[in-house]
Amino acid sequence: MTTSIEASPAGSADSDNPQGRWLATLLRYDVPASLVVFLVALPLSLGIAIASGAPIMAGLIAAVVGGVVAGLLGGSPLQVSGPAAGLTVVVAELVNTFGWKVTCAITVGAGVLQILFGLSRIARAALAISPMVVHAMLAGIGITIALQQVHVLLGGSSQSSAWNNLIALPSQIGTAHLDDIYVGAAVIAILVSWKFVPDRLRRVPGPLVAVVAATVLSLVLPINADRIALDGSLFDALGVPSLPDGQWLGIATGVLTVALIASVESLLSAVSVDKMHTGPRSDLNRELIGQGAANIASGMLGGLPITGVIVRSSTNVTAGARTRASAILHGVWILVFSALLAGLVQQIPKSVLAGLLIVIGIQLIKLAHLRIAHRTGDLWVYGVTAAAVVFLNLLEGVLIGLILAIALVVWRVVRASIHAEPVGTPESRQWRVVVEGSCSFLALPRLTSVLASVPPGSHVTVELTVDFLDHAAYEVIEEWSRQHESTGGTVLVDERGTADMAAAAAGPPTRTTDGTAQLSKRGGFAPWRAWQKYLPHHHHDGNDAHLPSPRAMRSVLAGISDYHRTHAPHLRPHMDDLHDGQNPDSLFLTCSDSRIVPNIITSSGPGDLFTVRNIGNLVPAGQRDTSVEAALAFALDELGVSSVIVCGHSGCGGMKALLADPDRPHPQASGSIAVQEWLEHAQPSKRAYQSGHPVARSAADAGFDAVDQLAMVNVALQLQTLQRHPMIGAAMSDGRIHVAGLFFDIRTARVLAISTTTVTELDPDRVPAT
């Protein structure tokens, strides 16, 4: 959900009374939001304290300080801070090693270090950590928390490490306490099912409902569950930290670990919160200073370490908060509750909070992150990092993950794809050597091996599609070329990438990203204006006598000339197979818009697509357009295509004309009667869009505007028209043809799949269904 800060009109009463405007915003938005965040933060703070092995009140102290101090001093207006699940494992280890009082001193030291981080203005540098390592770190923390708390849920106590928790689980199951299981299972059941309840009920935080309901059940029913025990009130829990007696290296490691994890988690949370609203952006350096001050205060008062927490922060934004007052007030409400109603906490069974933490821990493992890791080839980084966090410790796990991620990046960046293959007939002795990527001295073993495999005396084309070429690789290619030509062979170096052979010998190697002058060599993706300005006839003194005539044809003629020089030689072998006739795979019906190039967005070539274009990519219902009907008949009867594809696009002028005047039955399209009459065929699409077509809703959820929503609905209705078409429908029933819809988003150059009911990301392994 996205929220924005409303501005009063200039000259209004609110503009003249800023205090009144602030008070109105506070009462209308921030106070209600702070109450919602308070209800979410209360049970989480208690559960995190228990899982950390700290005094229970330490969680509430940290929640109060995080809300008030970090809320006042931090740089993220809508972020809410407090004790976080991400530090649970670290704090538990520190408490076991040094004791609670020394852990508080470590928290103070971490806060001082965070302030130094903020003052040195290195907050942005902290975001250089690979997101996949952070995701894996959170997953490892989630697994560790779940392994800890499942023992508490079963009526026992957690062990000192994840491995011990794992191997002790069978015996713990054998001695499980059923009463604790009942109430803990009730919490899990409520939290899992809460997303299915009506929206009105979901306004009440699920964790609060789960904890209250399970606690009430444990009091009403004859259940003997182990409950939370408090040693005094919140004020009794306040305490001054103790300095350690030796073990200074371990203390320093603890301070650095807490500071780094708390800083990274807070910064990532702040960045995520910024994406959820349109108000002021976060000052990340100030946020570190605020987090550091909060940790100093929390440690000095006997509280847990503090970070920015995405769960509370997202709740804050969703609840409608507008200023930092919401985060501050949520801390005040926790203070009031802790001072006046702490006795209620002792009625909560420990297994209730265990069930809450198990769900939170599992929710830290995001299936979306696993899918991204699999899709991007980072699954090893994710798995190794998560396993190291679980079975070693958090700091070592993150370091191992970072090293592995950096090694993977270096491997991907410096690796060059190099291979050689014969082309043409064996008698022609033609070979092609392809070098792609970054070609440096690290690629020399592969480069020399591939070049050595080329037979002497052959005619070789070396295709260099590289963005980096150092002098070592240049020397190897040059030396091999001389030796190969001395055997009677020929070598042609075809430079298709952005790196230049001559530049590699002239100076230090650089990664070249400005390849405008060579765009036309890379498949003709670039429009004329992107590369023709580099041609000689575009640099002149105003004398146009020597230029091609007429002027309007110069771009076309220059393009044809470039085609003859670069593409025609590569295209001729393919055209030899097509000169007697065509055998396209698909009929591709798309808009006449010049920005849509079917062969580029489908990576197809001559003979692959039988293309039909008209304004709005329309298939007039009732077979009312002879041109489209002729194309369909020819494609099915004569060419035997296997599919008919309708492709719409963003920013379609036809769709804009349809929406231009919703009160008129005939769209006004630049005054052209012919265009108006043609767009009458799209009126059913307009009516379907206005009636709330499911494709429009799906497009709106994906962030597309009204014109693009209509364009997608239009594709869906053309699919329905094709399905009802006598010829196409019969072919579909016989399984001879498939009908599919696509949508080209011009801004992102991305292709989406459109069915008759929804819009989806295009999965290359699945055919989009209609």
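**Entry 1: the largest cavity**

I sorted the lining of the largest cavity into two nonpolar, six polar and two charged residues, where Ala, Val, Leu, Ile, Met, Phe, Trp, Tyr, Cys and Pro count as nonpolar, Asp, Glu, Lys and Arg as charged, and the others, Gly among them, as polar. The model is predicted: local features need pLDDT of at least 70 and side-chain atom pairs count only at pLDDT 80 or more, while totals for chains, interfaces and linings use all residues. Residues are numbered from 1 along each chain as its sequence is written, and side-chain values use heavy atoms, with hydrogens and water left out.

I listed the lining as Gly66, Ala70, Gly71, Gly74, Ser76, Pro77, Gln79, Ser81, Glu287 and Arg324. A cavity is a set of points on a 1 Å grid over the protein atoms alone where a 1.4 Å probe fits but cannot get out, and lining residues have an atom within 4 Å of a point. I noted that helix α3 (residues 56-73) supplies the largest share of the lining, three residues; helices (H or I, at least four residues) and strands (E, at least two) are DSSP runs, numbered from the N terminus.

I found one cavity of 30 Å³ or more, and the space in the largest cavity is about 50 Å³. Grid points are joined across faces, edges and corners, and the volume is the space filled by probe spheres set on the points.

**Entry 2: contacts across the sequence**

I placed Leu72 in helix α3. Its C-alpha atom is 7.1 Å from that of Arg324, 252 residues apart along the chain, and Arg324 also belongs to the cavity lining. Leu72 counts as partly exposed because its relative accessibility is 47%; buried means under 20% relative accessible area, exposed over 50%, and partly exposed in between (1.4 Å probe, protein chains only).

I then looked up Ser52, in the loop between α2 (18-51) and α3, which is buried at 1% relative accessibility. Ser52 and Val95 are 43 residues apart in sequence, with 7.8 Å between their C-alpha atoms.

I found Ala711 in helix α33 (residues 706-724), buried at 3% relative accessibility. Ala711 and Cys647 lie 64 residues apart in sequence and 9.7 Å apart from C-alpha to C-alpha.

**Entry 3: positive phi**

I recorded a positive phi of about 60° for Arg121, which is not a glycine. Arg121 sits in the loop between α5 (100-119) and α6 (123-126) and is exposed at 61% relative accessibility.

I recorded a positive phi of about 55° for Gln623, also not a glycine. Gln623 sits in the loop between β8 (609-614) and α28 (626-639) and is partly exposed at 44% relative accessibility.

**Entry 4: salt bridges**

I counted five salt bridges in the whole structure, each being a side-chain nitrogen of Lys or Arg within 4 Å of a carboxyl oxygen of Asp or Glu. One of them joins Glu421 to Arg432, with the closest N and O atoms 2.4 Å apart. This pair links distant parts of the chain, with Glu421 in strand β3 (residues 416-423) and Arg432 in strand β4 (residues 430-439), 11 residues apart. Glu421 is partly exposed at 26% relative accessibility, as is Arg432 at 28%.

I also noted the salt bridge of Glu761 with Arg750 (2.6 Å, N to O). Glu761 lies in strand β12 (residues 759-761) and Arg750 in strand β11 (residues 750-754), so the pair ties together parts 11 residues apart in sequence. Glu761 is exposed at 52% relative accessible area, whereas Arg750 is partly exposed at 30% relative accessibility.

Key:
On a 1 Å grid over the protein atoms alone, a cavity is a set of points where a 1.4 Å probe fits but cannot get out, and a pocket is an open set with protein on both sides within 12 Å along at least five of seven lines; lining residues have an atom within 4 Å of a point.
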